[in-house]
Amino acid sequence: MSTPTSPLHGPSRHESAHGHVSGAARYVDDLPAPGGLLFGLPVGSPVARGRLRAVGCEAALAVPGVHAVLLARDVPGHNRIGAIVHDEPLLAEDELYAVGQLVALIVGESVAVCRAAAKVLVLAVDEAPAILSIADAIAADSYLGSPHVMRRGDVAAALARAALQLEGELASGGQDHFYLETQAALAIPGEDGALEIHSSTQHPTEVQVATAEILGCDRNRIVVQVPRMGGGFGGKESQATHFAALAALAALRLRRPVKVWLSRELDMQMTGKRHPFWSRWRAGFDAHGRLTAFEVFTYADGGWSVDLSPAILDRALFHLSNAYYIPNLRFEGRAVRTNTASNTAFRGFGGPQGMLVIEDAMTRAAERLGIDPAELRRRNYYGAEALQGDDTPATPGAIEVDAPLPEGELDERVLASLRDRALTPYYQSVEDCRLPRIHRELLAQADYAARRAEIEAFNARSPLVKRGLGFMPVKFGISFTNAVLNQAGALVLIYTDGSVQLNHGGTEMGQGLHSKMLAICAHELGVPERQIRVMTTATDKVPNTSATAASSGSDLNGAAVQLACAELRERLRPLAAELLGVAAPEQVGFVDGQVGVAGGPSISFAELTRTAWARRISLSAAGYYATPGIVYDREAGRGKPFHYFAYGAALTEVEVSGLTGEHRVLRVDILHDVGRSLLPNIDRGQIEGGYIQGLGWLTCEELVWDPRGHLLTHGPSTYKIPAVGDAPEDFRVTLLSSAPQVNVIHGSKAVGEPPLMLAISVIAALRHAIAGFGEVGVAPRLAIPCTPEAILRAIEEVCAPARATLVSAAE
């Protein structure tokens, strides 16, 4: 037997990398066209708010090649859809709530034919006034769901005693997912009313469930397959379902295969975005920069229907504290209903919008108190260690007036966490907080103090160009906060030649999930990766799956794969011991396709599987995993919604032109906690990509609507995502070493979402640079996204006092 090797924790390749660069990787639109294929084109509402009086189909049906125009009356089951609440008609019935809301599906021989028919389809609509902003929704009392409140201590008393009181408002815009592959689905009818659906979705089970309800059939009639996605970022968690259901509806009605594919323009008009948020806050700090009280009212723009807004709002509240212990707090959040496309999941799922609020308060406090912004943040970290390293006194976890504590044994845990500054606003204890270590290591390796001094010197001698340095720590909770979703399954099949088929419930969207599952399977069975084939995700192989979302894909599916492989390995081990003449089966190892004893005899894995088949030993196994201990009481605002926390920190250096408002990101230093990384190459790519996507949201991706609710930025010519030139010139990413996470697959940690929030460091960096144009002590007001126009307005504002002084002196 050779020395054991494993594909885990070392250099790796993406399992689809060759397919991506060669064009061999198949997406929904690349699948061979089945015979008789038709195409479906969705037609949306032309108004943001109104009443649909009639749909005139005659002219559209008369277009050569058109087979059908499907409306709400053609739905055989129920015409309602929705991830949490079934409040959306799949096809509009009478009321219209947003431009692009689905009204009809034109089915024809080609997309061109469908587009010609769409031009002559007559929608008789009575337009009504629309609500297009959070402010208008609040004024109109237009809400989605009830408020969510978290509280602890006495905020008013703490604010009254604070050495520094601050208040502010913060608005953050939406963000289009701009996945490379737009929404797409192919539905193929089978025998006895069965349907095979190929969908670009993060949630095949939701597509299966919704389609069965729309068609009025049992779920076992529907098989959903996901070959891979060309990006998802949350935009295909719930909203891919609509287009798959439309394809299925048409396929069932016409008894022919139907493909629904959206152009970029149609995709951007019809699908929801990252939720815009508006928040107002009050904060109290002591003279040493420690936060003593924080009050926040935050509103999320949910668009016209519920979708996933309640869960996104919840996660925003969970992350209003980010990395910081807050003794006295009150958070209240609510989603508003507006007449725009229903906003949906997006990488971070509300967490970034929540973090922005407290980071705004931290930055402003550092500016007012004259404390280095990175040091002020360090003084506020969770854990008693945040009190060390300076001479500022502080009562570890005191609150002004203790809120009622849970009864029984939980009291001691809560009180201990309060003493240790380790209790979140929702009463989950923060264990093993790694931020102090990350803070020390990142600032040292990035040479923070020297670079900040160099920037001050540069700004003093450069009148038209200024530089800034911003620091951002991140603490992000990992799990679905709805406990029932924290489960996953896998099915592993071994063939008598030793080859393996691996099925799991997760979906691949370029993030490398299949690569990680492949490595876990190879490690557990002791076979080379080349002997394993990762199969297309399908609901007839692994049923009742959760979405690949919440950064939990590797945690959940990886554990399920591990359990299935372990069952097979242990089932085969006694047979291997018999064949090898070994008395103790536990001495048998599985390494690189060989099964044997160290320093002794061995047989091939293929020989073992052939013999197992001959002995009638099953060579397939299912694995199932459910995350333990997840619970949250939304009414009480308390519980344990997360299995653990992922940590990281970033330093961003920028350069700003005072003449144009343009900026460049010169250098980024990131130290991120991924536990013991399953595949470091994959995780590094996720960190870099997440940061760049966050950078786009905060600096250049601006959504603009006209006064009637029509999206004006509906393509790459008007909506700017980061390009190569926007990436940092110097991009340094380091994974935190020697930091395994207990009770997670092979000591790893989730990595999909947390890095996006590291980009918030660019806001602090831009504020630092902009402040350099004005007098000392004049803090800039910077709108998000920080476009050149927004930066110029901020520069003009910080320069205004100096201009006023000059004018006054001249007079």
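A crossing of two helices is left-handed if the near helix is turned anticlockwise from the far one by less than a right angle, and right-handed if clockwise. The model is predicted: local features need pLDDT of at least 70, side-chain atom pairs count only at pLDDT 80 or more, and totals for chains, interfaces and linings use all residues. Residues are numbered from 1 along each chain as its sequence is written, and side-chain values use heavy atoms, with hydrogens and water left out.

**Helix pair**
- The crossing of α6 and α7 is right-handed; helices are DSSP runs (H or I, at least four residues), numbered from the N terminus.
- Helix α6 (residues 204–215) packs against helix α7 (residues 240–254) at an angle of about 45 degrees, and their axes are 9 Å apart.
- From α6, E206, V207, A210, T211, I214 and L215 make the contact (heavy atoms within 4.5 Å).
- From α7, the contact is made by T241, A244, A245, A248, L249 and L252.

**Nonpolar cores**
- A nonpolar core is a set of buried (under 20% relative accessible area, 1.4 Å probe, protein chains only) Ala, Val, Leu, Ile, Met, Phe, Trp, Tyr and Cys residues joined through side-chain atoms within 4.5 Å.
- The largest has 154 residues, and F294, F331, L525 and L698 have the most contacts inside it.
- Helix α16 (residues 553–580) gives the most to this core, with 12 residues.
- Apart from this core lies another, of 57 residues, including V66 and L249.

**Helix α17**
- In α17 (residues 605–614), the buried residues include F605, L608 and A612.
- R616, with a positive phi near 60 degrees, follows α17.

Key:
Buried means under 20% relative accessible area, exposed over 50%, partly exposed in between (1.4 Å probe, protein chains only). Helices (H or I, at least four residues) and strands (E, at least two) are DSSP runs, numbered from the N terminus. Axes are lines fitted to C-alpha atoms, for helices over the stretch in contact, and angles run from 0 to 180 degrees between N-to-C directions.
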